[in-house]
Amino acid sequence: MNRILNSQSAAFAAYAGKLVAAFVLLAGILTVSSVEAANPAFTTTIPRGAQVGTEQKVIFYGDRLDDAEEIMFHHSGISVKELKVLDAKKVEATLVIAPDCRLGEHHLRLRCRTGVSYARNFWISQFPNVAEVEPNDDFENPQKIDLNVTIEAEAKSEETDYYEVTAKKGDRLSVEIEGLRINNITNNIAIDPFVSILNKDRFEIASADGSALLKQESILSVVIPEDGEYIVEVRDSAYQGRGRYRAHIGTFPRPLAVYPAGAKAGSEAEFKLIGDVKGDYSTKAKLPAKTVEGTYGVFGAQGGMKPPSPNPVRVSEFDNFLETEPNNSSKEPNLYEGALPVAFNGILDQPGDMDYFKFTAKKNQSFRFRAYANTIGSPVDPVLNIYDANMKSIAGSDDADGTKDSRVDFKAPADGEYFVRMRDMLNNGGPNFVYRIEAQPRSPAINVTMPEMLRRQLQYRKQFNVPRGSYYAMVVNTSRQNLSGELVFDMPELPKGVTWESAPIPKTVSQFPILLKAAPDAPVAGGMYKLLAESTDPDRPVVGEFKQSLDLVRGPQNGVEYYTRLHDRVPVAVVDEIPFSVTIEQPKVPLVRNGTMKLKVHAHRRDGYDKKITARLLWKPPGVTSPATVVFNEKDSTIEYELNANATAELNTWNLTILAESDDGKGLMVTATPFVKLSVEEPFVSMKLNLTTARQGEQANMLAAVTKLRDFGGEADVQLFANPAHSTVPVVKIDQATTEVNIPIQTSEKTPTGQHKNLFCTVTVMKDGQPIVHRVGMGGTLRVDPKPKEVPAAKPAEAKVVASNNKPAPEKPLSRLEQLRLEAKAQSEAK
């Protein structure tokens, strides 16, 4: 790991014009974890950010980048002036940052002719980049810097970086770190930043280890007590740094909270910025009509400067209701006289503070009361409670939905007045303890996401690279809220030459496939595109937009999510042709409930391509199972992929596709089959197997009752399965007139004795030359008794008499086993 860090710092010099070979090792090691995850693999950039209104030369590191053609941006404000491939692991680009580019975090991807990479982040600052200059780990010899710069640096294990600035009495000195969020080291936190400001006498003026606003990232502001030189210390909190960081150091404002904590979508609102060391101040902001994450970043500019990152506020369709003190008990609540929905806003401004709001509701009205605090950078750990007019508890919540914020689903039991109370879990409080409670109506909605294809890899298989002249498939999750009925997908725009195909989503189904097809002459290109799911009920038109988490940082233990962001576009690209395609032979017969089917899958190899191809049934109809994968070996052109339907498999005609992948030594190539139709239907027959007994070496006849459920022509084959070892069972025939059938089971002297349970039959009905295989008669039982031992002939014996009355002695009673044998023999003779 030290070797990685050393070469990473060497690579940083590349952006200043001195690229060294050591970083090649770093890029290769960082890429190892990404080989299975994406093709191409993009791991990081050097530098990790740029100044607004400038041009910046950036090196993109990864693997399989030698056919890079484009950088795809999730947000506006950044463009590419020049892009040059240096080798398979490095691409150089000159980025143009617009003067009005939004400060803070942006997301970008590399598009190559072979596909689109994962998304990584890139950061925009109001200040110029300044490279760390080693050595700067000695307090007596710090790196001298100007104020209002962004340091691009490396955190090393057991090392502290020192920066010296000159400041005047009464000035603000602020530091903000981007460290944890900007590194992509598998299952590791590169740096958990600690910051302090000291004078030249090594007296600590202030320090910070994390923050409520930016979680584990540190922010710090002080008012300079006297003219002079001051030292900014930056290190990992546990002295275990192993990645890059950006340190904004200057005189910028750094408010800790914003109030109110949200406003109505599309409105212009005035906000109070709280917690800056120079005092609170106000700003106005025009909120967008909607946002991806439901929040908007407010940059509170002051003195011509902005904080490096914004203070997030909620954006929703509700009017604000602001608290007024006192409202610390149910006897003095803030009364909201309007009708819900509404957003209650407040501040727990001192320890022990709790806020009460009173509202009215009519019987059976339903609302979801959701608190927003921790998720928007407030230190409040909310506890939310709802009471009736007599302060009888109706519901309460602490943490919900994987966050520290609360959620309560409320249905009014009667017309009347109710209270909602907010407090901090530990009864903490302070001027920046802002919160927002939205009383959200239970409106119909559709959530559109994609399933996790690889555990703890949210971006795995979320880039849709469609080979020219071929197909690619995606599986989409649709979650209906307060809505039922059929849905349809829509992809209003796609790359030129790309079309999509899907069927209506039945009301009982939440996960469904979409197939993308690229024309043979489609240009190799790509972009970010909308994916929608819409209700088909004209009386309840509802549209859901795709949203997906980007897991940008995963750390210990075992890759837990440390930092994620949402995005609302699907990356789709046309890629170069690949040397194979795969098709499914259209089944001519249905798959029946409790039945099986073997799909014939064909690989079409071009130009002598002879690598293994792995086939994966990407999506299965409800109640249908299959192996996870089936492999075409090097020379195979046809395989069988078995499907199994259970007794409740949903009856319908479904679109079926298979994803096929192969590695030619240069990375994974993926394509999909065209859709085929799979009809899931009711079975033609059912069967019940009767208990049967036999002695070793004898033949048993298992009687089966047959029920015809649907007409079928000709004869069907019946085969018994799960019969004991060393027994044989022939195939027997039935037709649709058969009501019962004897299935002969020939045992041998080696057949194990005892009860053999879970016997079943397959019934194979032929139609159009293809088999329709049923599994019937589940749970049949065969009892095998031991072969009788031969007893030597006994000598004639005189009758025994009882001395007292000269009568014969009574016979010995039969054992239970002997009784069962006699019964079985009698049944056999009767037949």
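In the predicted model, the secondary structure of the protein chain amounts to three helices and 67 strands. The radius of gyration of the protein chain is 36 Å, which is well over the 28 Å given by the globule rule for 831 residues, so the chain is more spread out than a compact globule. Along the principal axes, the C-alpha atoms of the protein chain fill a box of roughly 130 × 80 × 65 Å. Of the 831 residues in the protein chain, 52% are buried. When contacts between residues at least 6 apart in sequence are considered, 68% of them join residues at least 24 apart.

The surface and the charges of the protein chain were also examined. The accessible surface comes to about 37,300 Å², and 48% of this area belongs to carbon and sulfur atoms. The protein chain carries 98 positive and 105 negative side chains, and the centres of these two sets lie 7 Å apart.

Strands of a sheet pair through backbone hydrogen bonds, in either a parallel or an antiparallel sense. Strand β31, made up of residues 382-388, pairs with β32 in the antiparallel sense over four bridges, and Ile386 stands opposite Ala395 in β32.

Ser662 stands opposite Met669 in β57. The strands β56 and β57 form a hairpin with four residues between them, and in the turn Gly665 has a positive phi of about 95 degrees. Strand β57, which covers residues 668-672, is mostly covered, since four of its five residues are buried.

Most residues other than glycine have a negative phi, and most peptide bonds are trans. The peptide bond from Ile46 to Pro47, however, is cis, with omega near -5 degrees, and Pro47 lies in the loop between β1 (41-46) and β2 (49-51). A cis peptide bond also joins Tyr259 and Pro260, with an omega of about 0 degrees; Pro260 is placed in the loop between β20 (257-259) and β21 (262-264).

Positive phi values are found in two residues other than glycine, described here in turn. Arg461, located in the loop between β36 (445-449) and β37 (464-467), has a phi near 60 degrees. With a relative accessible area of 11%, which is under the 20% cut-off, Arg461 is buried. Asp768, by contrast, has a relative accessibility of 55% and therefore counts as exposed, the cut-off for this class being over 50%. The phi of Asp768 is near 55 degrees, and this residue lies in the loop between β66 (754-767) and β67 (770-785).

Ala649 lies in the loop between β54 (638-645) and β55 (652-656), and because its relative accessibility is 0%, Ala649 counts as buried. The C-alpha atoms of Ala649 and Leu591 are separated by 9.7 Å, although the two residues are 58 residues apart along the chain. When neighbours within four places in sequence are left aside, Ala649 is in contact with Arg593, Pro622, Gly623 and Val680.

Glu634 is placed in the loop between β53 (629-632) and β54. Its relative accessibility is 37%, so Glu634 counts as partly exposed. From C-alpha to C-alpha, Glu634 and Ile613 are 7.7 Å apart in space, while in sequence they are 21 residues apart. Again leaving aside neighbours within four places in sequence, the residues in contact with Glu634 are Arg605, Asp610, Lys611 and Lys612.

How values were computed
Residues numbered from 1 in each chain as written. Predicted model: local features only at pLDDT ≥ 70, side-chain atom pairs only at ≥ 80, totals over all residues. Heavy atoms only, no water. Helix = DSSP H or I, 4+ residues; strand = E, 2+ residues; numbered from the N terminus. Rg over C-alpha atoms; globule rule 2.2 N^0.38 Å. Buried < 20%, exposed > 50% of the residue type's maximum accessible area, 1.4 Å probe, protein only. Contact = heavy atoms within 4.5 Å. Areas by Shrake-Rupley, 256 points an atom, 1.4 Å probe, with all protein chains shown as cover. Lys, Arg positive; Asp, Glu negative; His and termini not counted. Charge placed at Lys NZ, Arg CZ, Asp CG, Glu CD. Pairing = 2+ DSSP bridges.
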